[in-house]
Amino acid sequence: TLDQSNRRATAPAVTRDGVTVTVGSNVGSLEDAVLGARYGADLAGLVRTEFLFSGRTEPPDVDEQEALYRQLADAFGGRRITLRTLDAGGDKPLGYLPHSAEPNPFLGVRGIRHSLVNPGLLRDQLLAIVRVARDLPVSVMFPMVTTVAEVVEARGMLDDAIKATGDGVPTGLEVGIMIEVPGAALKSGVLASYVDFFSIGTNDLTQYTLAAERGNHGVAAIADPFDPSVLRLVDYVCRTAGDRVTVGVCGELATDPLATAVLCGFGIRELSVAPRAIGGIKDAVRATDSALGATVAAQCLAAEDAAQVRRLLDRANS
Ligand code: PEP
Ligand code: MG
């Protein structure tokens, strides 16, 4: 019945050997938030706030952002929302900012780099986020982090926003970064002492690890997140993050049920996926045994290529 399937959708996803894996929704619009909640998301694991900033002639002010973040939180009925700060860059210029064309926008001023050279935008966004975090469970996440200095600077601006809104640090506010640059993945042991959580963005991590631009059909066969090199980085991040820092995956790889066992095997305990994939991924978690996942994960790390990884995972699932 609808009631039963709804209960199954919203129930937590627990592996056969009793490990709970949080399954969140990726959100790129208000509709996504409504859908994600309806399909049983445990939280919003990645809100791509770009949708607020693009296709307009001036940036949203603090009040407008606050109102929208509250609407998103409402849609999730009090469950945690993870607001990623603006991930703009040369590949998607904003009409109201001076824009200098870059020959390689994916290697240029994007993500947190863009925010730190446009501090007014980041300041307003952090103010809005902190206001909402005063009465709702909110996580803030910085995209495209490469260096410790970027995290320190961004956290400094967050501290300023906290001071400006008064009353100390909001109780439920957690601070994290995307791990989507290979250099950040390889420094995760150091970066861990600056944050509460990591979210691995396998879309960008794949493009940067394999030097194959995402969305470029000519190199689509190379840009495969199942490539053992990408999996090695995911495994490395899990092993070096330490016990205090939670590690999730929010790239497309998390949305593929073929990857669930290997990700659980690495120790990933949060997956954030496209709204419509939530039920399927929760079921994939329920079909997984994390100890068996660890065995298959070790085999995947030793594989020659993505095709061999897929064969190993197909066999493990059957
Ligand atoms: C990623 O890079 O994997 C990611 C989740 O971020 P985006 O797809 O928005 O770049
Ligand atoms: Mg990304």
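Where is the place of Met 157? The place of Met 157 is in helix H7. The model examined here is predicted. Met 157 counts as partly exposed, because 18 C-beta neighbours lie inside 10 Å. Its contacts, leaving aside neighbours within four places in sequence, are Pro 119, Leu 122, Arg 123 and Leu 126. Gly 78 is 79 residues from Met 157 in sequence. The C-alpha atoms of this pair are 26 Å apart in space.

The overall form of the protein chain was examined next. The chain holds 15 helices and 9 strands. Its radius of gyration is 19 Å. A compact globule of 318 residues would have a value near 20 Å, so the two agree. Along the principal axes, the C-alpha atoms fill a box of roughly 55 × 50 × 35 Å. Of the 318 residues, 46% count as buried. Contacts between residues at least 6 apart in sequence were also considered. Of these, 69% join residues at least 24 apart.

Ligand 1 has a shell drawn from several parts of the sequence. Leu 46, Arg 48, Asp 87 and Glu 180 are among the residues that surround ligand 1. Gly 201, Thr 202, Asn 203 and Asp 204 also belong to the shell, as do Cys 250 and Gly 251. Two elements give two or more residues each: strand S3 (44-48) and helix H10 (202-209). H10 supplies the largest share, with 3 residues. By class, the shell has 4 charged, 4 polar and 2 nonpolar residues.

Helix H10 is itself largely enclosed by the rest of the structure, because 7 of its 8 residues are buried. The buried residues are Thr 202, Asp 204, Leu 205, Thr 206, Gln 207, Tyr 208 and Thr 209. Just after H10, Ala 211 takes a positive phi of about 50 degrees.

Helix H11 also meets helix H14. Two packed helices are described by the angle between their axes and the distance between the axes. The axes of H11 (residues 228-240) and H14 (residues 290-301) come within 9 Å and cross at roughly 130 degrees. The two helices are therefore oblique to each other. On the H11 side, the contact is made by Pro 228, Leu 231, Arg 232 and Asp 235. On the H14 side, Ala 297, Cys 300 and Leu 301 take part. By class, this contact has 5 nonpolar and 2 charged residues, with no polar residue.

Gln 299 lies in helix H14 too. Gln 299 counts as partly exposed, because 16 C-beta neighbours lie inside 10 Å. Val 148 is 151 residues from Gln 299 in sequence. Their C-alpha atoms are 33 Å apart in space.

Met 144 lies in the loop between strand S5 (138-142) and helix H7 (148-165). The phi of Met 144 is near 60 degrees, a positive value in a residue other than glycine. Met 144 counts as buried, because it has 23 C-beta neighbours inside 10 Å. Asp 167 is found in the loop between H7 and strand S6 (174-179). The phi of Asp 167 is near 70 degrees, again positive in a residue other than glycine. Asp 167 is exposed, because 9 other C-beta atoms lie within 10 Å.

Val 62 is partly exposed, with 18 other C-beta atoms within 10 Å. Leaving aside neighbours within four places in sequence, Val 62 is in contact with Asp 124, Leu 127 and Ala 128. Gln 125 is 63 residues from Val 62 along the chain. The C-alpha atoms of Val 62 and Gln 125 are separated by 6.5 Å.

How values were computed
Residues numbered from 1 in each chain as written. Chains lettered and ligands numbered in written order. Predicted model: local features only at pLDDT ≥ 70, side-chain atom pairs only at ≥ 80, totals over all residues. Near = placed C-beta within 6 Å. Helix = DSSP H or I, 4+ residues; strand = E, 2+ residues; numbered from the N terminus. Nonpolar A, V, L, I, M, F, W, Y, C, P; charged D, E, K, R; others polar. Rg over C-alpha atoms; globule rule 2.2 N^0.38 Å. Buried ≥ 20, exposed ≤ 12 C-beta atoms within 10 Å, placed from the backbone. Contact = placed C-beta atoms within 7 Å. Axes fitted to C-alpha atoms, helices over the stretch in contact; angles between N-to-C directions. Parallel < 35°, antiparallel > 145°, perpendicular 65-115°, else oblique.
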